[in-house]
Amino acid sequence: MRIGQSFGVRCRAAHRAAAAGVLACLIAAGPSRLSAQDDAASGQGGTARARFLMGTRLAIETDGPAPAGALEAAFDEVARLEGIFSNWRRESEVSRLNDKAARAPVLCSRELFGAVRVALGWAQETGGAFDPTVEPLVRALGLRGDDGRMPDPESPAVPAGGETAPYVRPPIGWRHVHLHRRTRSVRFDTEGVGLDLGGIGKGIALDAAAGVLRRHGVRRALLDFGGQVLAIGHPVRFPAWSIGIADPGDRDSVIAVVGIDGLSLATSSNSERFVETPRGRIGHILDPAEGRPARFQGSLTVAARDATSADALSTALFVMGPERGSAWAEARDLPALYVWRDDTGALRSKSSRAFEERFEGGGSRRERAGRAAEWRKEAR
C-alpha cells in the first residue's frame, strides 16, 4: 500500500502522475523534486521556476501557461514578506518590534500585525503547543549560529546565558504579547520577550504567493516551499497533485504518496534542520512548555485548506507528539499522519481518521490492515 490517494483508480493516477513528473517529495527541510525537471518549462505548456527565500527553496510549477511575470510577482511577494518576518535580519520589521515592544507599544504594518494576530490565535487554539514567543529560547540555544548549546536533560529550560551561566528561564508565553487593534500596535509586558514567526511565516507567505498567482489568472499550480506544499486546483490530466512523504530518517526514500487538490500539506521533523553541538544535535522545533527542542524523533504531516493553518498545525502537532497530537487532531477532524522508526528500526505510523478517510480510502479495520501490510512490503 501507499499511504496516499485512495486506492484503485485514484492511486493508479498518482503513480501515473509520478511517472509524468508531477510528483514532489515532502520532507522537513525542503521538498526535492523526484523528476529531472528544475527551473524549466514543464509539459502541456506549463512553467516551473524556483528561488531561494526564507532560508529554503520555493518552487512554483503551473499546469498550463502562466501570464508573463506571474511567477516572478509571486516570488517578489514572498521576498517582501521575508523582509518583514525574518528574525535573521536585524533590519526586519519583526526584529525592530522585538527590540522595542517591551518598552512601549510598537506600530506595525498590516502584514506584521496580521501575522502576530493569527499566530496568537493558533497559540490559544493549541494550548501553547504552537507559540510565537519562542524567540528568547532560539537565542538561548544558539540556533541561529554554529554555537548551539544543548539543554540540560534534567532541567525544564535552558540557561539564557549558556550552559555554565546561572539558570534564568526565558520569558516564553503568548500571553506576554498584547495587541491594540485600533492603533495596530503590539506591546510586550515583560523584558526579554520576543516573537519568532518561523512556525507560521512560511505558510502566510505561501498563501500570499498563491493569491498573487490567482490574481494573474493562474488556476492550476503547485507551490513547494521547504517541507510544505500548496495546491491551486489540480493538473488537467490528473485528479490531484501527487506528493511524496519521505522517510523521517532518509529524505531520499519516499514511503507514502498522497494526492492534494486545493489543499496545503505541511511536514515537520527535527531530523533535517538542526545545530550540531559536542553533546549532540539540537532540533529547530521547540517545545515552549518544556523550554527545549521537541522530543519526538519522527515526522508529522498535516493537511489544511490554507497554508497558514497547515504551517501552524504542523509545528503544534509535532510538539504534542503522536499520542496527544493524534487525539487532538481526531477531536477536530484534522488529517494528520505521524511516522517514526522504533528502537528496532521498523517504520511505525499513527494517523487520524480524517487522514485515513481522505488519503487512504477509508474501509474496515481489516481492509486498512491489509493495505498497511502491502505498504510495508513495498517499502522493503
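Is Glu 82 buried or exposed? Let us start there and then walk through the rest of the model.

1. **Glu 82 and its partner.** Glu 82 is buried, because its relative accessible area is 12% (buried means under 20% relative accessible area, exposed over 50%, and partly exposed in between, with a 1.4 Å probe and protein chains only). Its side chain meets that of Arg 89 in a salt bridge, at 3.7 Å from N to O (a salt bridge is a side-chain nitrogen of Lys or Arg within 4 Å of a carboxyl oxygen of Asp or Glu). Arg 89 counts as partly exposed, at 31% relative accessibility.

2. **What you are looking at.** This is a predicted model, in which local features need pLDDT of at least 70 and side-chain atom pairs count only at pLDDT 80 or more, while totals for chains, interfaces and linings use all residues. Residues are numbered from 1 along each chain as its sequence is written, and side-chain values use heavy atoms, with hydrogens and water left out.

3. **Ser 95.** You will find Ser 95 in helix H3, residues 93-100 (helices are DSSP runs of H or I with at least four residues, strands are runs of E with at least two, and both are numbered from the N terminus). Ser 95 counts as buried, at 3% relative accessibility. Leaving aside residues up to four places away in sequence, Ser 95 touches Ser 86, Asn 87, Arg 89 and Arg 90 (contact means heavy atoms within 4.5 Å).

4. **Other salt bridges.** The count comes to 13 salt bridges. One of them joins the side chains of Arg 51 and Asp 76, at 3.1 Å from N to O. This pair links distant parts of the chain, with Arg 51 in strand E3 and Asp 76 in helix H2 (residues 70-85), 25 residues apart. Arg 51 is partly exposed at 26% relative accessibility, and Asp 76 is partly exposed at 44%. Another salt bridge is formed by Asp 342 and Arg 348, whose closest N and O atoms are 2.9 Å apart. Salt bridges that share partners also join Arg 51, Glu 72 and Asp 76 into one network.

5. **Helices H4 and H7.** Helix H4 (residues 110-125) packs with helix H7 (residues 307-331) at an angle of about 10°, their axes being 10 Å apart (axes are lines fitted to C-alpha atoms, for helices over the stretch in contact, and angles run from 0 to 180 degrees between N-to-C directions). The two helices are therefore roughly parallel to each other (angles under 35 degrees count as roughly parallel, over 145 as roughly antiparallel, 65 to 115 as roughly perpendicular and the rest as oblique). On the H4 side, Val 118, Trp 122 and Glu 125 meet H7 residues, among them Ala 312, Leu 313 and Trp 328.

6. Three strands form an open sheet in the order E5-E7-E6, with antiparallel pairing (two strands pair if DSSP finds at least two bridges between them). E5 (106-107) and E6 (177-180) are the edge strands. E5 is joined to E7 (residues 185-188) by 2 bridges, and Leu 107 has Ser 185 as its bridge partner in E7. H4 lies across E6 and E7, running at about 130° to E6.

7. **Two backbone points to check.** Most residues other than glycine have a negative phi. Met 54, though not a glycine, has a positive phi of about 50°; Met 54 sits in the loop between strands E3 (48-53) and E4 (56-62). Asp 333 also has a positive phi, about 60°, and lies in the loop between H7 and strand E18 (336-341).
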